[in-house]
Amino acid sequence: AFEWLGRHWQREATERMVTTRRQSMGMAAAKAKASPKKATAKATPKKKASSKTVSWSDTAGTGVQEGGFFRSLGALLLLLSTPPFTLALWSIFVQHGGSATSFALHLSDRKNWKPFLDSLPTLSWEATYYIAAFGAFQAALQLLVPGKEFVGPASPKGNRPVYKANGVESYLITLVAFFACWKYTSFEPARVYDQFGEMLNALNIFGNVLCLFLTVKGCYFPSSTDSGSTGSFLFDYFWGTELYPRIGKHFDIKQWTNCRMGLMGWSVLPLCFMAKQLEQTGTIANSMLICVILMNVYVFKFFLWETGYFCTMDIAHDRAGFYICWGCLVWVPSVYTSPALHLVHHPTELSTPVAAAIAGLGLLMIYINWAADEQRKIFRATGGKAKVWGREPKYIKATYKTAKGQTKTSLLLLSGWWGIARHFHYVPEILSSFFWTAPALFDHVMPYFYVIFLTILLFDRAFRDDARCAAKYGKYWDAYKKQVPYLFFPGF
């Protein structure tokens, strides 16, 4: 029902936007072609625009396309359900040992409702201080640490954002600062675990305030022409009104929320959970060690590839709203770190062969995921001249047009990892998340919630990306799909 109703609303919004644009562009041409002698000719009623003919440039980066997953009522459902769910997830892992059954049975008795609400975290100055200090530190690193200039891909409106690629340096500085503060100051990382519920509350408030600011900014003070309303405040708040919001010329808000707060926080929080286990038991179980190491290797891999991330859907297509910005500020620390949060009270010692197998396979999956992304990034950076797996690459040279009528070119790689399937790189990403969760073993389902969520997220993203590329490249994408027919892996 959400899908159908939302798609109906989106179709109307798209038709209004496209019709208005085409009318304004074609009015002068229509008047010029009009002839007085043919004034008696019967007027042909104008056909209603169809959302099926909407081009990539017509959407202008709004994400308003037929076949999208989140729509008005679906957006409302997510806006209302995800913030309290992050606290429910915290309660499951911290108060119920990772058991969703225990959590559900506890709430099934109405007598437990008031004690449960009283037990939930509120707000604290300590939690707020941790967030403010970390956010300010990451903003300073983003602005001040030297890095190469990277120009992003052309947007639907023809804009090309410029970034400073200093992710690896910022990651290493963050880890050094973390361990230095742990050793030489009064900072106790275990306190972050103790205050984690309060931190989620503070992040929820800050995330929603930021999204409100971004909604207004995109409508009235945009940083680029890739901005504007979809016609619904609800969907604007959820999806965003601006593709590349910035404060001043250099501070990119999406880079800060996604890369610095979200991903950098993902590397530090598991270390705090590990410190809590050390405080409680006097040792660190190898299950926790494997989980934390694999997560940090994955995050380090991300920052090695950060310039590639600037070309992905998160940055180049999805606008800065609740979906992306709140997600990186609240959902990532709540859900993505949950396997390590669960292991705090489950210090399982794995046998050496099992530990080695999990760690080895996890590292292999992270490497394959990085190799696939890096292969495409180098291929694009060299204009298709770099060899792929030791051979000359096969590719399709595709052209497309921006909203300004500019013709651009993209190269669609048919070799290497990208000749296996169009989104094969998602497979090792899902498997890597499984292997850093596997140390939790299989007594409970909830530690695997992130794996389940990631699978759904990436499947949805793959279909959305296919729809976007079909609208953008047209016949070239059809030719590409004939040569790479599978979405995730051969036979599927």
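## Disulfides and cysteines

A disulfide is a pair of cysteine sulfur atoms within 2.5 Å. A search of the whole structure finds zero of them. Cys272 is buried, at 2% relative accessibility. Cys291 is buried too, at 0%.

## Model and conventions

This is a predicted model, in which local features need pLDDT of at least 70, side-chain atom pairs count only at pLDDT 80 or more, and totals for chains, interfaces and linings use all residues. Residues are numbered from 1 along each chain as its sequence is written, and side-chain values use heavy atoms, with hydrogens and water left out.

## Overall make-up

The protein has 19 helices and six strands. Helices (H or I, at least four residues) and strands (E, at least two) are DSSP runs, numbered from the N terminus. The protein has 492 residues, and buried residues make up 53% of them.

Contact means heavy atoms within 4.5 Å. Take the contacts with a separation of 6 or more: residues 24 or more positions apart account for 77% of them.

## Nonpolar cores

A nonpolar core is a set of buried Ala, Val, Leu, Ile, Met, Phe, Trp, Tyr and Cys residues joined through side-chain atoms within 4.5 Å. The largest one holds 115 residues. Phe238, Trp266, Phe273, Met288, Phe303, Tyr336 and Tyr450 touch the most other members. Helix 10 (residues 253–281) supplies the largest share of this core, 13 residues. Apart from it lies another core, of eleven residues, including Ala154, Cys469, Tyr473 and Tyr480. In soluble globular proteins, nonpolar side chains tend to be buried together.

Neighbours within four places in sequence aside, Phe273 contacts Tyr193, Phe196, Met288, Thr337, Ala340, Leu341 and Val344.

## Aromatic rings and charges

The whole structure contains 51 aromatic pairs. Rings of Phe, Tyr and Trp (its six-membered ring) pair if their centres lie within 6.5 Å; planes under 30 degrees apart count as stacked, over 60 as edge-to-face and the rest as tilted. Tyr193 and Phe273 form an edge-to-face pair, with 6.0 Å centre to centre and 85 degrees between the planes. The pair links distant parts of the chain: Tyr193 sits in helix 7 (residues 190–194) and Phe273 in helix 10, 80 residues apart. Both residues are buried.

Charges also meet rings. A charge sits over a ring if NZ of Lys or CZ of Arg is within 6 Å of the ring centre and within 35 degrees of the ring normal. The charged end of Lys183 sits over the ring of Tyr184, 5.7 Å from its centre.

## Two buried arginines

Arg422 lies in the loop between strand 6 (407–413) and helix 17 (426–437). Arg422 counts as buried because its relative accessibility is 8%. Its side chain reaches the backbone oxygen of Pro485 at 3.2 Å. That is a polar contact: a pair of N or O atoms within 3.5 Å, where within protein one must be able to donate a hydrogen and the other to accept it, and residues adjacent in sequence count only if both atoms are side-chain atoms. Residues up to four places away aside, Arg422 touches Asp466, Trp477, Tyr480, Lys481, Val484, Pro485, Tyr486 and Leu487.

Arg464 is in helix 18 (residues 449–473). Arg464 is buried as well, at 12%. With residues up to four places away again left out, Arg464 touches Trp239, Met313, His317, Asp318 and Tyr323.

## Positive phi and exposed positions

Most residues other than glycine have a negative phi. Trp389 has a positive phi of about 55 degrees although it is not a glycine. Trp389 lies in the loop between helix 16 and strand 5 (395–401). At 52% relative accessibility, this residue counts as exposed. Leu441 also has a positive phi, near 60 degrees. Leu441 lies in the loop between helix 17 and helix 18, and is partly exposed at 30%.

Thr352 belongs to helix 16 (residues 352–381). Thr352 is exposed, with a relative accessible area of 65%. The C-alpha atoms of Thr352 and Asn286 are separated by 9.1 Å, with the two residues 66 apart along the chain.

How values were computed:
Buried means under 20% relative accessible area, exposed over 50%, partly exposed in between (1.4 Å probe, protein chains only).
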